[in-house]
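Hi everyone, thanks for coming.

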Amino acid sequence: MAKLLNVKFPTSIVFTSNATESLNTIIDGYLKFGDHVVSTAIEHNSVIRPLVRLEKERAVEISWVPVDKIGTINPDDIFNMITTKTRLVIVNHASNVTGTIQDIESIGRRLQKYPNVRFLIDASQTVGHINIDNEVIKADFIAFTGHKALLGISGVGGYYINPEIQIRPIKVGGTGVLSELLVQPAGSPLHYESGTMNMIGIGSLYYGINYLNRIGIENISRDLHVKTRRIIEQLSTFKEITLYSLPNASGIVSFNINGIIPSRLSTFLADNASISNRSGLMCAPFIHEFIKTNPFGCVRISLSHFTTQDEIKIFINYIGQIIADLDKVKNINIPVVYSNPSIYDFQKKEV
Ligand SMILES: Cc1ncc(COP(=O)(O)O)c(C=O)c1O
């Protein structure tokens with residue numbers, strides 16, 4: 001993992017049970033009463049919810065950076081929001097809704113001029129699909145999950161922590177060594193890894209990463225770019241489809257068929273054509289205001305290095321069939337419309 005992120009010390013990698021645990025540990029363990037945080041409208045709930053909880057419990061102030069209509073942030077917005085109270089900037093490397101990748105190199109480089117501001121990257125959607133070189137980015141924390149591009153089993157994740165920083169761990173307990181100490185031993189990873197670890201999960205990452213290194217992450221990025229481009233080009237030929245992704249190396253294509261609620265389309269794809277997909281807000285409630293998919297979200301397919309041309313063909317053909325039969329499958333009963341939260345709700349409250 002240390003080599004994959006290009007960080008010097010393997011001891012600065014901590015294993016957890018998922019990216020959510022990593023993000024909670026960092027956010028809860030680092031932020032203090034009255035701190036200010038800058039984060040973005042593309043974040044996953046595993047960043048939004050820990051932050052909003054601290055807003056209530058520790059008077060943490062949050063500034064949310066808006067995004068454009070495919071989910072790109074303008075890095076200038078981050079820097080315009082930094083104040084003397086800012087201690088953390090959190091950016092999702094790639095949106096799990098649109099696949100849009102943020103320029104974390106330039107954000108990281110610019111943040112080096114702000115020694116009091118630490119940088120946390122949620123790389124759940126990218127580690128394994130896209131090269132991350134922390135010698136260039138100089139992030140202080142990088143959260144990752146095992147079950148996506150790292151090809152590991154479910155229930156394993158982790159984070160990189162800058163060795164100069166020590167945060168309060170969520171849990172303390174047995175570390176297997178230094179048992180005479182009644183307080184948690186200092187230093188990573190002991191400070192953060194208490195209790196029996198998920199050795200099978202961590203082992204699965206070893207095999208996943210070996211495979212990725214054999215293929216080459218740059219080749220995987222390129223492959224996903226080509227495949228997402230092919231699908232996007234083919235879906236664009238249907239006037240009934242609205243697309244929310246550009247070709248990308250995170251392997252995501254999100255779309256809607258106009259007039260069909262995404263959850264309904266998702267069920268058709270899964271039940272009638274065995275095409276795995278995800279629909280709705282996808283745990284990222286803020287982005288939908290910007291890509292104009294409120295209130296029902298969209299449908300997402302996630303490609304991998306293993307996705308075949310045949311599978312792509314089956315998917316496109318099935319979409320063609322649904323569109324040909326559109327009158328039959330359009331929604332008869334539209335569910336009660338609810339409203340999704342907006343990053344601007346926070347500002348209204350401040351006024
Ligand atoms: C961007 C992003 N962050 C965080 C997570 C949470 O990952 P995990 O399920 O490993 O907690 C996900 C997973 O869906 C994600 O896509």
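So, into which domains is the protein chain divided? There's domain 1, covering 2-214, and domain 2, covering 217-329; those bounds come from an automatic or database domain assignment. Before I go on, two bits of housekeeping. Residues are numbered from 1 along each chain, as its sequence is written. And this is a predicted model, where local features need pLDDT of at least 70, side-chain atom pairs count only at pLDDT 80 or more, and totals for chains, interfaces and linings use all residues.

Okay, overall picture. The protein chain has 13 helices and 11 strands; these are DSSP runs numbered from the N terminus, H or I with at least four residues for helices, E with at least two for strands. Along the principal axes, the C-alpha trace spans about 70 × 55 × 35 Å. With 351 residues, a compact globule would have a radius of gyration near 20 Å, and this chain has 21 Å, so the two agree. That radius is taken over C-alpha atoms, and the globule rule is 2.2 Å times the number of residues to the power 0.38.

How do the domains sit together? Their centres, taken over C-alpha atoms, are 28 Å apart. 26 residues of domain 1 are in contact with 25 residues of domain 2, contact meaning that C-beta atoms, placed from the backbone, lie within 7 Å. On the domain 1 side of that, you get 11 nonpolar, 12 polar and three charged residues. Here Ala, Val, Leu, Ile, Met, Phe, Trp, Tyr, Cys and Pro count as nonpolar, Asp, Glu, Lys and Arg as charged, and the others, Gly among them, as polar.

Axes here are lines fitted to C-alpha atoms, for helices over the stretch in contact, and angles run from 0 to 180 degrees between N-to-C directions.

The other sheet is open as well, with four strands in the order S8-S9-S11-S10 and antiparallel pairing. Its twist averages 30° from one strand to the next. S8 and S9 (residues 252-257) are joined by three bridges, and Leu243 is partnered with Phe255 in S9. Helix H9 (residues 262-273) lies across S9, S10 and S11, at about 165° to S10.

What about the ligand? 13 residues surround it, and the closest are Asn18, Ala19, Thr20, Asn96 and Thr145; to count, a residue needs its C-beta atom, placed from the backbone, within 6 Å. That shell is two nonpolar, 10 polar and one charged.

The bond from Ser188 to Pro189 is cis, with omega near 5°, and Pro189 is in the loop between S7 and helix H7 (199-215). Asn294 to Pro295 is cis too, with omega near 0°.

Key
Contact = placed C-beta atoms within 7 Å. Pairing = 2+ DSSP bridges.
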